[in-house]
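The sequence and the structure are shown first.

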Amino acid sequence: MHLSESDILRWLRETNESRIQTLYDTADRVRLENVGDAVHLRGLIEISNICCRQCTYCGIRAGNYRLRRYRLTRDDILACVQRAVTLGYGTVVMQGGEDYGISARWIAEIIRTIKRQTPLAVTLSLGERSDDELLQWAEAGADRYLLRFESSDAVLFARIHPPATGRETVDRIEQLKRLRSFGYEIGGGVMVGIPRQTLSSLAHDIAIFRELDLDMIGIGPYIPHPETPLGAKKHPGDPVEDQVPNTEQMTYRVVALARLVCPQANIPTTTALATINLAHGRELGLQRGANVIMPNLTPPEYRRLYEIYPEKACVHETDEQYYAHIAARVRSVGRFVGTGPGDRRR
Ligand code: 5AD
């Protein structure tokens, strides 16, 4: 089934509940046919909440002076990696703000150590770094890179991502193509419902998932954070016509469409979804196209400080409790926890 961009837009505008249910059912079938019933777990290590950027939606932006900042040590990170091995995860994801106190060499050495000591796949999600750094990390053995492009609407993107002082603006869509040429599996994605995001721009974003042939696609609802310019606005002005709602339902719809345009991609059911529906968000994501969960492995004392949005789900649990909780949810929808790195199938 080939969806054109206007088909995608029609699905985003669909209001008939039973038709929306057929979209979910189709996404679930396409997921089963292409990536099966395994749900891959990726252990998320939030290595630093220090960030030089001023993204207007993000709680760890440099301008949030209320937030206590941390950076994990090499030993902290390697201890998290060992827990990932013990819990049977196939991948660790090292994610952080754009923290230029983190040198490329330091990360490269940690990647080499993980690759030497464990069978884990290594995913990086460290923002916009130079090609030179990204190449060094690929050479050190990093397998995948996540960089959500957030919006293909250049005006909206520029509005919510003020450029870093002294550095050029990065075209993230072009950056993802370069990352692939460096040998990474590439992950993109968007937030759903950021103010001024329109349904037609979102349809274009989804068409770009296919054009980039993304290996991984991260999709979550936009959650306002009060310590940010976007989230603090009590009266954000008149909503734009065609505004995307930042709802759970719209997020599932984007997950389902992402599955249809990239049938073999690894698509997580995100923590942001679990945050807006603690009871069922993860499972519903799994039943509407997703096949990956990224459990948090960050040491508990730092977890709540990685506050990209408020009230992040599961910040209080231990790794073992968290693992048990997630494995039970995976089984509750008739699926099983995958083993091994869970690479993109081709
Ligand atoms: N609400 C939802 N998602 C957010 N992210 C950052 N801030 C928020 C927020 N307020 C997402 C961005 C980023 C990812 C790591 O977290 O999409 O790429």
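Which polar backbone atom is 2.8 Å from a nitrogen atom of the ligand? It belongs to Ile223. The model is predicted.

**Ligand surroundings**
- Arg148 places a polar side-chain atom 2.8 Å from an oxygen atom of the ligand.
- For Glu150, an N or O atom of the side chain is 2.6 Å from an oxygen atom of the ligand.

**Helix α1 against helix α10**
- Helix α1 spans residues 5-13 and helix α10 spans residues 248-261; their axes lie 10 Å apart at an angle of about 155 degrees.
- Angles over 145 degrees count as roughly antiparallel, and α1 and α10 are therefore roughly antiparallel to each other.
- The crossing of α1 and α10 is right-handed.
- From α1, Ile8, Trp11, Leu12 and Arg13 meet Met250, Arg253, Val254, Leu257 and Val261 of α10.
- The residues of this contact of α1 with α10 comprise 7 nonpolar, no polar and 2 charged.

**Helix α8 against helix α10**
- Helix α8, residues 199-212, packs with α10 at an angle of about 30 degrees, and their axes are 9 Å apart.
- α8 and α10 form a right-handed crossing.
- In α8, Leu199, Leu202, Ile206, Phe209 and Arg210 meet Met250, Val254, Leu257, Ala258 and Val261 in α10.
- The contact of α8 with α10 involves 9 nonpolar residues, no polar ones and 1 charged.

How values were computed:
Residues are numbered from 1 along each chain as its sequence is written. This is a predicted model: local features need pLDDT of at least 70, side-chain atom pairs count only at pLDDT 80 or more; totals for chains, interfaces and linings use all residues. Side-chain values use heavy atoms; hydrogens and water are left out. Axes are lines fitted to C-alpha atoms, for helices over the stretch in contact, and angles run from 0 to 180 degrees between N-to-C directions. Helices (H or I, at least four residues) and strands (E, at least two) are DSSP runs, numbered from the N terminus. Angles under 35 degrees count as roughly parallel, over 145 as roughly antiparallel, 65 to 115 as roughly perpendicular and the rest as oblique. A crossing is left-handed if the near helix is turned anticlockwise from the far one by less than a right angle, and right-handed if clockwise. Contact means heavy atoms within 4.5 Å. Ala, Val, Leu, Ile, Met, Phe, Trp, Tyr, Cys and Pro count as nonpolar, Asp, Glu, Lys and Arg as charged, and the others, Gly among them, as polar. A polar contact is a pair of N or O atoms within 3.5 Å; within protein, one must be able to donate a hydrogen and the other to accept it, and residues adjacent in sequence count only if both atoms are side-chain atoms.
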